[in-house]
Amino acid sequence: MSRTRNAALLLAAVALLALAGCSGNQQKADNPGGAIIRSSQDPNGMRGATLDRPYSMPAATLTDTNGDPFNLVTSTKKPVTLVFFGYTNCPDVCPTVMADVASALTKLDKPVQDQIQMLFITTDPARDTGPVMRKYLDRFDPSFVGLTGSLTSIKDIAKAVGVPVEGMQKLPSGGYEVGHGAQVIGFGKNDKANVIWLSNAAIGDLAHDFGKLVEDNQ
């Protein structure tokens, strides 16, 4: 399949990401029709979906779990930065993705792991305080960085990198869920992202691609 055709499929998949607050419906829409989106048949290439037009990391400042400012460009010191938008009350997709990323990282040699920074940007800043996010992220990997800010700022950042964030949706129970896209975005040291992984990405594929990103950004 041509790269142009894959890019079109990718855009269609991202556009159809369900905004159902990390429900099972979201996971199904994350991969519409059960299609496997590939950008290359080369087993040595990226196994995630590559982008013809890379995303640029927004030069925005959020707040980390210690309450300190964290700029998405100047505070990301490692060659590879992974970005995921989610929230701690997400019932299924978010913890699954975070666990998969953590598992993939453990498959890499420690020197390679040390070249990768994982950012978790909350889509539910009203509930996800610094301590709440820190406790949540420590379940997966203590090195994961949690970030919060105003919902408006978070939506703007997410939009710039192709992630839909709808915000709060009330539930009949009286609570609410938060609709958002579930892709992980991989940035290199030039603050450009050429690859994303949808929520159904295999752990082995994630590990392969994370290692390749580090290799490509030395």
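Gln115 touches Lys78, Pro79, Val80, Val214 and Gln218, when residues up to four places away in sequence are left out of the count. This contact set comes from a predicted model, in which the protein has seven helices and ten strands and in which buried residues make up 52% of the 218 residues.

- Although Gln115 and Phe210 are 95 residues apart along the chain, their C-alpha atoms are separated by 9.7 Å; Phe210 is one of the buried residues of α7.
- Val214, which is among the residues touched by Gln115, is also a buried residue of α7.

**The protein as a whole**

- Among contacts between residues at least 6 apart in sequence, 72% join residues that are at least 24 apart.
- The accessible surface of the protein comes to about 9900 Å², and carbon and sulfur atoms account for 53% of that area.

**Helix α7**

- Helix α7 runs over residues 203–216, and its 14 residues reach 20 Å from the first C-alpha to the last, close to the 20 Å expected at 1.5 Å a residue.
- The buried residues in α7 are Asp205, Leu206, Ala207, Asp209, Phe210, Gly211, Leu213 and Val214.

**Helix α3**

- The end C-alpha atoms of α3 are 20 Å apart, which agrees with the 20 Å that its 14 residues should span at 1.5 Å a residue.
- Helix α3 is mostly covered, since ten of its 14 residues are buried, and these are Val93, Cys94, Pro95, Val97, Met98, Asp100, Val101, Ala102, Ala104 and Leu105.
- Val93, which lies in α3, counts as buried because its relative accessibility is 2%, under the 20% limit.
- Val93 and Ser199 are 106 residues apart in sequence, while their C-alpha atoms are 7.3 Å apart in space.

**The largest cavity**

- One cavity of 30 Å³ or more is counted in the model, and the largest cavity holds about 50 Å³ of space.
- The residues lining the largest cavity are Val97, Asp100, Val101, Val184, Trp197, Leu198, Ser199, Ala201 and Leu206, and by class they comprise seven nonpolar, one polar and one charged residues.
- Helix α3 gives the largest share of this lining, with three residues, whereas Leu206, also in the lining, is a buried residue of α7.

**The second largest pocket**

- The second largest pocket has a volume of about 150 Å³, and its lining has three nonpolar, six polar and three charged residues.
- Met46, Thr50, Gly186, Gly188, Asn190, Lys192, Asn194, Val195, Lys212, Leu213, Asp216 and Asn217 line this pocket.
- Strand β10 and helix α7 each supply at least two residues of the pocket lining.

- Ile196 has its place in strand β10 and counts as buried because its relative accessibility is 2%.
- Ile196 and Met46 are 150 residues apart in sequence and 9.7 Å apart in space, C-alpha to C-alpha; Met46 is one of the residues that line the second largest pocket.
- Asp191 is found in the loop between β9 and β10, where at 21% relative accessibility it counts as partly exposed.
- Most residues other than glycine have a negative phi.
- Asp191, although it is not a glycine, has a positive phi of about 65°.

Technical notes. Residues numbered from 1 in each chain as written. Predicted model: local features only at pLDDT ≥ 70, side-chain atom pairs only at ≥ 80, totals over all residues. Heavy atoms only, no water. Helix = DSSP H or I, 4+ residues; strand = E, 2+ residues; numbered from the N terminus. Buried < 20%, exposed > 50% of the residue type's maximum accessible area, 1.4 Å probe, protein only. Contact = heavy atoms within 4.5 Å. Areas by Shrake-Rupley, 256 points an atom, 1.4 Å probe, with all protein chains shown as cover. Expected span 1.5 Å × (residues − 1). 1 Å grid on protein atoms, 1.4 Å probe; cavity = no way out; pocket = protein on both sides within 12 Å on 5 of 7 lines; lining within 4 Å. Points joined across faces, edges and corners; volume = space filled by probe spheres on them. Nonpolar A, V, L, I, M, F, W, Y, C, P; charged D, E, K, R; others polar.
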